[in-house]
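Here's a quick tour for anyone opening this one up for the first time. Take a look at the sequence and the 3D view, then read on.

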Amino acid sequence: MLQGWVIVLTSFAYLGLLFAIAYYADQRADQGRSVIASPYIYSLSLAVYATAWTFYGSVGRAASDGVGFLPIYLGPTLMIALWWIVMRKILRISKVNRITSLADFIASRYGKSALLGGVVTVIAVIGILPYISLQLKAVSSSFTILVQYPEIIMPAKLGAVPVLQDTALYVALILALFTILFGTRHLDAAEHHEGMVAAIAFESLVKLLAFLAVGVFVTFGVYGGFGDVFARAAAEPQLAAMLTPLEGVAGSYASWVWLTILSMLAIMFLPRQFQVTVIENKDERHLNKAIWLFPLYMLAINIFVLPIAFGGRLHFAPGAVDADTFVLTIPMAEKQELLALLVFIGGLSAATGMVIVETIALSTMVCNDLLMPILLRLRRLRLNEQPDLTGLLLGIRRGAIVLILLLGYSYFRLAGEAYALVSIGLISFAAVAQFAPAVLGGIFWKNATRRGALWGLVAGFGVWFYTLLLPALARSDWLPRSLLEHGPFGVELLKPLALFGLAGLDQITHAMIWSMIANVGAYVAVSLLGSPSADEHRQASLFVDVFRGEGGGARFWRGTASVPDLHNVLARFLGSGAADAAFAEYARGRGRSWPNDELEADAEFVHYVETQLAGAIGAASARIMVASAVKEEALTLDEVREILDEASQVVVYSHRLEQKSNELEAATAELRAANEQLKELDRLKDDFMSTVTHELRTPLTSIRAFSEILLANPDVELAERKRFLGIITRETERLTRLINQVLDLAKIESGRAEWHVTRVDLKEVVAETLAGMSQVFKERGVEVTARLPERVSAVRADLDRLIQVLLNLLSNAVKFCEPGKGRIEVALSEHGGHVRVDVADNGPGINPEDQKVVFDKFRQVGDTLTDKPPGTGLGLHISRQIVEHFGGRMWVESRPGAGATFSFTVPVELARAEAQPA
Amino acid sequence: MDRIETKAQRLVALCMLGFLLFNYPILALFNQAGAVLGIPVLYAYIFAGWALVIALMALVVERGGS
């Protein structure tokens, strides 16, 4: 049975489990083995966006508006697509500057202005109070309803309860205690709360599972699936209209658009979202997965909202049960005790998650950006001289947490019952949307000034207060209702819900339009009318150009400081141990050790200390503290500009330098390639030399051997002597030929060969050469046939060279033919603007591998050891060089055993070719 | 740097696509009676479009690594 004590015990057991998770995660973090350094945990922690408002309120809104609740989740889905640009930049800026909260971010951007930080804090606290009260309301009413089980009675019907018997008060106090345990156990210089993040991620999982469970139960257990729920709804005349609701209940498309924009801004600027997205982020790369996982989470938690809403409307008599409680009351009506308890725990998860993170974020702001700057300036307190302020810091934060929750409870008592959950949440959304111009403008627009941001915020917040908060108070009868109906002092034009006569819009759209006009207008106008101070100029450049990574803020500081003073400042706020650790780390980064080596208190060191300090007490307070501990000279605006100019010049220089070095690299690569080529040529030349000398030595050796025989033996027989002399003569001829060809080749390759180019008729060349060689053919018993056309076009070439080529091919052919059986066929043809000569023989043919190298120098095909063909190995190489010189080609086609065909082409003389009739 | 730029531009395009899909006038085209697989046209359209945008974002972000 669901008695009070069962519910209370379960709740405490659940909170205990959360605390165990947080404790474990904190332990792991201390050991350096973080459990939250994962994109999945990061995405789940972002789901702190889904509060009790989502858990109970979405169904409530859907029950009256149909799809009207969806822009609240569609907006963030669209916004998160822009995170890759916007949030990456905010993340980087926050890491570099050790930002501790949204207020710190804005204050730091506009010249570390304590005033601006304070204003942001006040706006955030006032703006978020309704939202916190909403969570308290959700938990206390879900508890009250559950306790009535098996009856289903709305809390409103139970009548007002005195403060001390009000569950909401105890919920607030328990949550305050719990948040203090979570968020302020110790002071972290980086404001990381790993335990809290782990617990929040777990809570996100619980609330999703609880909601899906009740969704599946209602859709498939109570009804017969999605189709069944919608079909039954369509049959009810009251509900049928909601199936196409946009023109009807949900108001105009304008409110749809504004709701989308509003939630796009909320997902970035709600203090708790800023806390989990930016402050608690462990690694920028986690954004990658979060960009689609978080929208997926929102899609999943919304799938069953409409079936539950329609299911509830169908299930209960109209007006009997508050639609905000359908998630809980349907399982109760169906007597599902365990499911109802699970739903309660899910709602508790959603509410506690929101309250914990929100109050931690707000208490950090209140402490760092509101109270500390004031306390540090109050000379009477002499805080500057206190040795250790960590206790004070923790005390302020704990006090702030309790105070914020009690204020939330007060709002709940004051105005809580007048609104449905969704409307209360939207009031807070509209409040934090006021931060958008200052933050987004601040990271992209350098000329935005502190005064611009200040006036923008004040104006936007003022309009918000007038158009949203005042009406809320008036409806709860804390202000006269005539204010809403007739305007202040009866001035109709100033009616809070129809300012300047702008009527016909829903309250949120109306407030957003006017507050954004006021906010952006003041921000831009005041920024443009004034000019930034030196501090603002410096911070603007650090924020806007964060990805250019120019050495940080150290270059903007000038003054004198001492190491002990700096240590004192740090120790006062972080504790002595943490200060030692920070100094040691700084020294280690510069290859020194602290306290053994002397550290120089230069600009870089002072900047380091200030950044460390900013991580604990915010940028504005850190500025005040460091300024009090060191003697500094203020930089003028011109000096800041100068430094920035220098920096940008350095960027330009380094860019040019990079270009130059790229060019140099390219040139080096070219040189290297040329060098390789030269080396290759050198190697080829060496090869050539050694081959040539080898080729020269062979005939020389035989000449010398036979000469020596003749010289030593005068009585050699005549016949023998003749044979020897014959060999000597042949070898001498071969030597001469070789030397001639080497010289020839050298001339051709070096380009010093003389070419006597004239018009040449290849038919004549072929005929002449064949005639000249007829004696050779006869001697070797080779049969030659020539297939010559009537006429071919003339070519431009050197006649003697062409004869040389042809002679070479023919004598090669003869050489390889078997004596007596040889057949050579010479063919002449013309096509494609080229005259082609083919010389085919019926010799042994050439292997495919050899065909590739047969035109190389000194390549002789065949077994060179046993059957060395007479020749130099240069003939074909030279022939190909000649043909190529005239623009032709030379190649060979052959199959081993079936002879070889050497062919070459020479282009037709151009003028003649054109003159020829077609 | 190039890949980061491309990714950023694709995501901006997706944001604009989403804004187009979930606003007047495209949204109004689906604001009518009738049902797809038993689910009212408007609801089916919004949830399908939503899932599509998320799938495309996952594709853009996950393709090409971190």
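Let's start with a pair of helices in chain A: α3(A) and α15(A) make a right-handed crossing. Keep in mind that what you're looking at is a predicted model.

**The α3–α15 crossing**
- Helix α3 (residues 52-65) and helix α15 (residues 305-315) of chain A pack at about 65 degrees, and their axes are 8 Å apart.
- On the α3(A) side, the residues that do the touching are A:Ser58, A:Val59, A:Ala62 and A:Ala63.
- They meet A:Val305, A:Leu306, A:Ile308, A:Ala309, A:Gly312 and A:Arg313 of α15(A).
- Sort the residues of this contact by class and you get seven nonpolar, two polar and one charged.

**The α2–α9 pair**
- Here helix α2 (residues 39-46) of chain A packs against helix α9 (residues 194-222) of chain A, at an angle of about 70 degrees and with the axes 8 Å apart.
- That angle makes α2(A) roughly perpendicular to α9(A).
- From α2(A), the contact uses A:Ile41, A:Leu44 and A:Ser45.
- From α9(A) come A:Val197, A:Ala198, A:Ile200, A:Ala201, A:Ser204 and A:Leu205.
- Seven of the contact residues are nonpolar and two are polar, with no charged ones.

**A helix tucked inside**
- Helix α20 (residues 436-444) of chain A is largely enclosed by the rest of the structure, because seven of its nine residues are buried.
- Those buried residues are A:Ala436, A:Pro437, A:Ala438, A:Val439, A:Gly441, A:Gly442 and A:Ile443.
- What do the buried residues of α20(A) pack against? Their partners are α5 (86-97), α6 (102-109), α12 (253-269), α21 (450-475), α23 (507-529) and α24 (534-544), in chain A.

**Chain A overall**
- Chain A has 36 helices and nine strands.
- It runs to 918 residues, and 46% of them count as buried.
- Take the contacts in chain A between residues at least 6 apart in sequence: 81% of these join residues at least 24 apart.

**Where chain B meets chain A**
- In this meeting, 31 residues of chain B are in contact with 28 residues of chain A.
- On the chain B side, the elements giving two or more residues are α1 (2-21), β2 (39-40) and α3 (41-62).
- The largest share, ten residues, comes from α3(B).
- By class, the side of chain B that touches chain A is made up of 24 nonpolar, six polar and one charged residues.

How values were computed: Residues are numbered from 1 along each chain as its sequence is written. Chains are lettered from A and ligands numbered from 1 in the order in which they are written. This is a predicted model: local features need pLDDT of at least 70, side-chain atom pairs count only at pLDDT 80 or more; totals for chains, interfaces and linings use all residues. Two residues are in contact if their C-beta atoms, placed from the backbone, lie within 7 Å. Helices (H or I, at least four residues) and strands (E, at least two) are DSSP runs, numbered from the N terminus. Ala, Val, Leu, Ile, Met, Phe, Trp, Tyr, Cys and Pro count as nonpolar, Asp, Glu, Lys and Arg as charged, and the others, Gly among them, as polar. A residue is buried if 20 or more other C-beta atoms lie within 10 Å of its own, exposed if 12 or fewer, and partly exposed in between; C-beta atoms are placed from the backbone. Axes are lines fitted to C-alpha atoms, for helices over the stretch in contact, and angles run from 0 to 180 degrees between N-to-C directions. Angles under 35 degrees count as roughly parallel, over 145 as roughly antiparallel, 65 to 115 as roughly perpendicular and the rest as oblique. A crossing is left-handed if the near helix is turned anticlockwise from the far one by less than a right angle, and right-handed if clockwise.
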